[in-house]
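Please read the following explanation with the sequence and the three-dimensional model side by side. Each paragraph takes up one part of the chain.

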Amino acid sequence: MSERGLSIRRLIYIAVMTAILEAAKISLNAIANVELITLLVIIFTKQFGWRMSLPVVILFAFIECTYWGFGTWSIVYFYMWPLLVFLAHLCRHAESVWTYAALSAAFGLTFGAFCSVLTVFIGGFKAAISFWIAGIPYDLVHCAANFIICVLLYVPLNRALEIMKRKSGISFPE
């Protein structure tokens, strides 16, 4: 297959993975801080490498911003999801579901703290601390939900993507 054919196939994968993230996000919108995005980003990064996952999360963040409107939270999406890709890439050789469950939980627990970083520039340090503390109950829910979702769904979703990747016959650069 030509290099152009591989590039088109990779673009299709990026589009499909982005659509999966958006569908997963919309499907659980009614439940605060319960989401599949963290797990999917981890699995996409493990299976397809950061060069595939990074454009996916940036495109996902852009779609979210155009759907919900641009605001201060938009900036957070453009650094939080790439941060998760980076962390998942560092863990990509781990075989234990518990490694990924711990990463998912930690990401959920610290999401509010990382969101409050932007508040430092808007309202100052005290405002950022207040923002972060007010969100701790939501971060605890996010942490627990991410952990449970990862423990339950990591193995079957990862296996499904491994099969799909093998059957597609193309390699993805790390």
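A nonpolar surface patch of about 1,100 Å² is formed by Leu109, Phe114, Val117, Val120, Phe121, Ile122, Phe125, Ile129, Trp132, Ile133, Ile136 and Leu140. Two or more of these residues come from each of the elements α5 (97-123), α6 (125-134) and α7, and α5 gives the largest share, six residues. A patch is made of residues with over 30% relative accessible area and no salt bridge; nonpolar side chains (Val, Leu, Ile, Met, Phe, Trp, Tyr) are joined within 5 Å, and like charges within 9 Å. The areas come from the Shrake-Rupley method with a 1.4 Å probe, and for residues only the protein chains shown count as cover. Helices are DSSP runs (H or I, at least four residues), as are strands (E, at least two), and they are numbered from the N terminus.

The model is predicted: local features need pLDDT of at least 70 and side-chain atom pairs count only at pLDDT 80 or more, while totals for chains, interfaces and linings use all residues. Residues are numbered from 1 along each chain as its sequence is written, and side-chain values use heavy atoms, with hydrogens and water left out.

Some members of the patch deserve a separate look. Here a residue is called buried under 20% relative accessible area, exposed over 50%, and partly exposed in between (1.4 Å probe, protein chains only). Ile133 belongs to helix α6 and is partly exposed because its relative accessibility is 48%. Trp132 is also found in helix α6; its relative accessible area of 31% makes Trp132 partly exposed. Between the C-alpha atoms of Trp132 and Met80, which are 52 residues apart along the chain, the separation is 15 Å. Ile136 has its place in helix α7 and is partly exposed, since its relative accessible area is 30%.

Helix α5 can now be followed from its beginning. Its N-terminal end is capped by Ser96, a side-chain oxygen of which lies 3.1 Å from the backbone nitrogen of Trp98. Such a polar contact is a pair of N or O atoms within 3.5 Å; within protein, one must be able to donate a hydrogen and the other to accept it, and residues adjacent in sequence count only if both atoms are side-chain atoms. How far apart are the end C-alpha atoms of α5? They are 39 Å apart, which agrees with the 39 Å that its 27 residues should span at 1.5 Å a residue. The expected span is 1.5 Å times one less than the number of residues. A kink of about 45° in α5 is centred on Thr110; the bend at a residue is the angle between axes fitted to the seven residues ending there and the seven starting there. Just after α5, Gly124 takes a positive phi of about 100°.

Helix α7 (residues 136-168) has a kink as well, of about 50°, at Leu153, shortly before the proline Pro156. Among the buried residues of α7 are Asp139, His142, Asn146, Tyr154 and Leu161. Just after α7, Gly169 takes a positive phi of about 75°.

Phe44 lies in α2 (residues 37-48) and counts as buried because its relative accessibility is 3%. Phe44 and Tyr154 are 110 residues apart in sequence, and their C-alpha atoms are 11 Å apart in space.

Side chains of opposite charge can pair when their charged atoms come close. How many salt bridges does the structure hold? It holds one, a salt bridge being a side-chain nitrogen of Lys or Arg within 4 Å of a carboxyl oxygen of Asp or Glu. The partners are Glu95 and Lys46, whose closest N and O atoms are 4.0 Å apart. This pair links distant parts of the chain, 49 residues apart: Glu95 is in the loop between α4 and α5, and Lys46 is in helix α2. Glu95 counts as exposed because its relative accessibility is 66%, whereas Lys46, at 17%, counts as buried.

Most residues other than glycine have a negative phi. Asn33 is not a glycine, yet has a positive phi of about 60°; Asn33 lies in the loop between α1 (3-27) and α2.
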